[in-house]
Amino acid sequence: MISEKIKNVLNEQINKEFYSAYLYLSMSAYFAQIGLYGFSEWAKIQSKEEIDHGMILFEYILNRNSQVHLVQLETPKFEMTNPISVFEQIYNHERSITSAIDSVANMSESDCDLATRNFIDWYLSEQIEEEAMVSRIISKLKAFGEEKSALYLIDRELGSREYERPEY
Ligand code: FEO
């Protein structure tokens, strides 16, 4: 059984992951509306992965014989001005998720909950990958994104992404 404090922070993290799914889904709609279908597909796949992240937490809480509390999701907030700005906003969002995961790690350590501390390691690694992935897209957009033909190629590249259920 996990402590009340750990249960609450894990439930909050489920909400953050599902909110992330919502954010990427609204990004996907924005990109489809401006004709960047590869970007749209990429964001849709990321949205699915965020749901997986939430579900892994969901299963963990139940496996620890504790309670899942699902609460209302916020409306996704970001300004849809141009692709670079959207990716910069998503990068900042991912950094805030990293910091939330860091808090779960610190809290489980101070609570001597070694199982949760071990469980959350996967999320720490996942956040490194996600920040790097988004940061690389920003760098490409900054280097070539002004050129329509280059944007077309980046769109094709992002559109080739395939959904993979996270290995946990
Ligand atoms: Fe599940 Fe993008 O953090």
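Helices α2 (37-63), α4 (114-144) and α5 (148-159) each give at least two residues to the lining of the largest pocket. Helices here are DSSP runs of H or I with at least four residues, numbered from the N terminus. Before going further, a word on the source: this is a predicted model, where local features need pLDDT of at least 70, side-chain atom pairs count only at pLDDT 80 or more, and totals for chains, interfaces and linings use all residues. Residues are numbered from 1 along each chain as its sequence is written, and side-chain values use heavy atoms, with hydrogens and water left out.

Back to that pocket. It holds about 480 Å³ of space, and 21 residues line it. Gln46, Glu49, Glu129, Met133 and Arg161 are the ones nearest its centre. Which helix gives the largest share of the lining? That's α4, with 9 residues. By type, the lining splits into 12 charged, 7 nonpolar and 2 polar residues. Asp, Glu, Lys and Arg count as charged; Ala, Val, Leu, Ile, Met, Phe, Trp, Tyr, Cys and Pro as nonpolar; and the others, Gly among them, as polar. As for the word itself, a pocket is an open set of points on a 1 Å grid over the protein atoms alone, where a 1.4 Å probe fits, with protein on both sides within 12 Å along at least five of seven lines; lining residues have an atom within 4 Å of a point. The volume is the space filled by probe spheres set on the points, which are joined across faces, edges and corners.

Now for helix α1, residues 4-33. Just after α1, glycine 35 takes a positive phi of about 85 degrees.

Aromatic rings are worth a look too: the whole structure has 9 aromatic pairs. Rings of Phe, Tyr and Trp (its six-membered ring) pair if their centres lie within 6.5 Å; planes under 30 degrees apart are stacked, over 60 edge-to-face and the rest tilted. Here are two of the pairs.

| Pair | Centre to centre | Angle between planes | Type |
|---|---|---|---|
| Tyrosine 30 and phenylalanine 31 | 5.1 Å | 55 degrees | tilted |
| Tryptophan 122 and tyrosine 123 | 4.9 Å | 85 degrees | edge-to-face |

Tyrosine 30 and phenylalanine 31 are both buried, and so are tryptophan 122 and tyrosine 123. Buried means under 20% relative accessible area, exposed over 50% and partly exposed in between (1.4 Å probe, protein chains only). Ring pairs also link Tyr30 and Phe31 with Tyr24, Phe39, Trp42 and Phe87 in a cluster.

Most residues other than glycine have a negative phi. Asparagine 65, in the loop between α2 and α3 (83-110), has a positive phi near 60 degrees. Cysteine 112, in the loop between α3 and α4, has a positive phi near 55 degrees. Asparagine 65 is exposed, because its relative accessible area is 57%, and cysteine 112 counts as exposed at 62%.

Finally, two tyrosines. Tyrosine 37 sits in helix α2 and is exposed at 57% relative accessibility. Tyrosine 22, in helix α1, is partly exposed at 41%.
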